[in-house]
Amino acid sequence: MKTTRTHSAVIEAKQLTKHYVLGKDNELPVLKAVDLTIDRGEFVAVMGASGSGKSTLLYNVCGMDRMTSGSVLFNGVDLSRLPEPALARIRLSNMGFIFQQIHLLRNLSVFDNIVISGYLCGNRSRSAVEQRATELMELTGISDIAANDITQASGGQLQRVGICRALINQPDIIFGDEPTGALNSRAAGEIMDLLGGVHRAGTTVMLVTHDVKVASRSERVLFMMDGRIVAEKRLGTYPSEGNRTADGKAREAELARWLLELGF
Ligand SMILES: Nc1ncnc2c1ncn2[C@@H]1O[C@H](COP(=O)(O)OP(=O)(O)OP(=O)(O)O)[C@@H](O)[C@H]1O
Ligand SMILES: [Mg+2]
């Protein structure tokens, strides 16, 4: 399934619902008629209490999980109608994923973990994939561990490997579920600097996070409560490096106040 990049929205979810079936006559409604549009090039963060449905929203808009009703258009293509192989193809070629615990292949080197999705995608030659992997490792500062076993890398390094892997096929969108959740604040800041760079280079980003500092990097914060998006805040473009210290702090404070008003 080919998707086009001419649509101004990357994601358009309409009346998206998800119920988990817990047993006979026992369904848990987790997403309740969610409407969400993410424009090309946007950086959106999703916040809300534990259990409010943030991860479920992410997994349903990226086609990893099957929605119960409603629709999700990705680059104009309705994911609810696609069979699993076509969905898998879109996830591999057009989407990148970064999770709290990244799922890397333990018996492969750092480099091989990065190139494998590029080989599987097959849109470019092996040498072009390897060239891109080399560039991405330079960008993220992990060139020196390319040949190492994945088990020897630190948490921050693993997250960098995850970013390289997520970017190898030049996706339209990067999805992250608590991508810095397992890192100390310094490593988290470095990962957010990298993701900020990815966004400035034109990639759309959708992140689920509990962390105000992380969310303050985004342009728009959605707040979920009990399976619905109940509020959103536009923060505008994150300040450039020179103005970051003061403006970045002010953004964080503004976001924290908003969250407090929402009872978070
Ligand atoms: N596979 C599943 N089967 C049944 N219920 C589930 C499943 N996954 C999630 N849930 C339930 O759906 C609700 C929302 O879960 P979700 O993981 O989306 O929350 P979240 O906002 O991401 O929370 P957290 O901040 O803790 O990660 C919770 O009540 C959870 O128990
Ligand atoms: Mg979650």
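Predicted model: local features only at pLDDT ≥ 70, side-chain atom pairs only at ≥ 80, totals over all residues.
Me: How many residues surround ligand 1?
Reply: Look at the shell around the ligand. The closest members are Ser-50, Gly-51, Lys-54, Ser-55 and Thr-56. Counting the whole shell gives 13 residues.

Me: Which helix or strand gives the most to the shell around ligand 1?
Reply: β1 (9-23), β2 (26-39) and α1 (54-61) each supply at least two residues. One of them contributes three residues, and that is the top share. The element is α1.

Me: How do the residues of the shell around ligand 1 divide into nonpolar, polar and charged?
Reply: Sort the shell by residue type. Seven residues are polar. The others are five nonpolar and one charged.

Me: Is Ser-93 buried or exposed?
Reply: Ser-93 sits in helix α2 (residues 84-94). Its relative accessibility is 10%. Buried means under 20%. Therefore Ser-93 counts as buried.

Me: The backbone oxygen of which residue lies 2.9 Å from a polar atom of the side chain of Ser-93?
Reply: Ser-93 touches Cys-121, Asn-123, Asn-169 and Pro-171, leaving out residues up to four places away in sequence. The backbone oxygen asked about lies 2.9 Å from a polar side-chain atom of Ser-93. The residue is Arg-89.

Me: Why is Ser-218 classed as buried?
Reply: Ser-218 lies in the loop between α7 (212-215) and β9 (220-225). Neighbours within four places in sequence aside, Ser-218 contacts Phe-43, Val-44, Ala-45, Leu-235, Gly-236 and Arg-251. The cut-off for buried is under 20% relative accessible area. Ser-218 is buried because its relative accessible area is 0%.

Me: Which backbone oxygen does the side chain of Ser-218 reach?
Reply: Follow the serine side chain from the loop between α7 and β9. The distance to the backbone oxygen is 2.8 Å. That oxygen belongs to Ala-215.

Conventions: Residues numbered from 1 in each chain as written. Chains lettered and ligands numbered in written order. Heavy atoms only, no water. Near = heavy atom within 4 Å. Helix = DSSP H or I, 4+ residues; strand = E, 2+ residues; numbered from the N terminus. Nonpolar A, V, L, I, M, F, W, Y, C, P; charged D, E, K, R; others polar. Buried < 20%, exposed > 50% of the residue type's maximum accessible area, 1.4 Å probe, protein only. Polar contact = N/O pair within 3.5 Å; in protein donor to acceptor, adjacent residues only side chain to side chain. Contact = heavy atoms within 4.5 Å.
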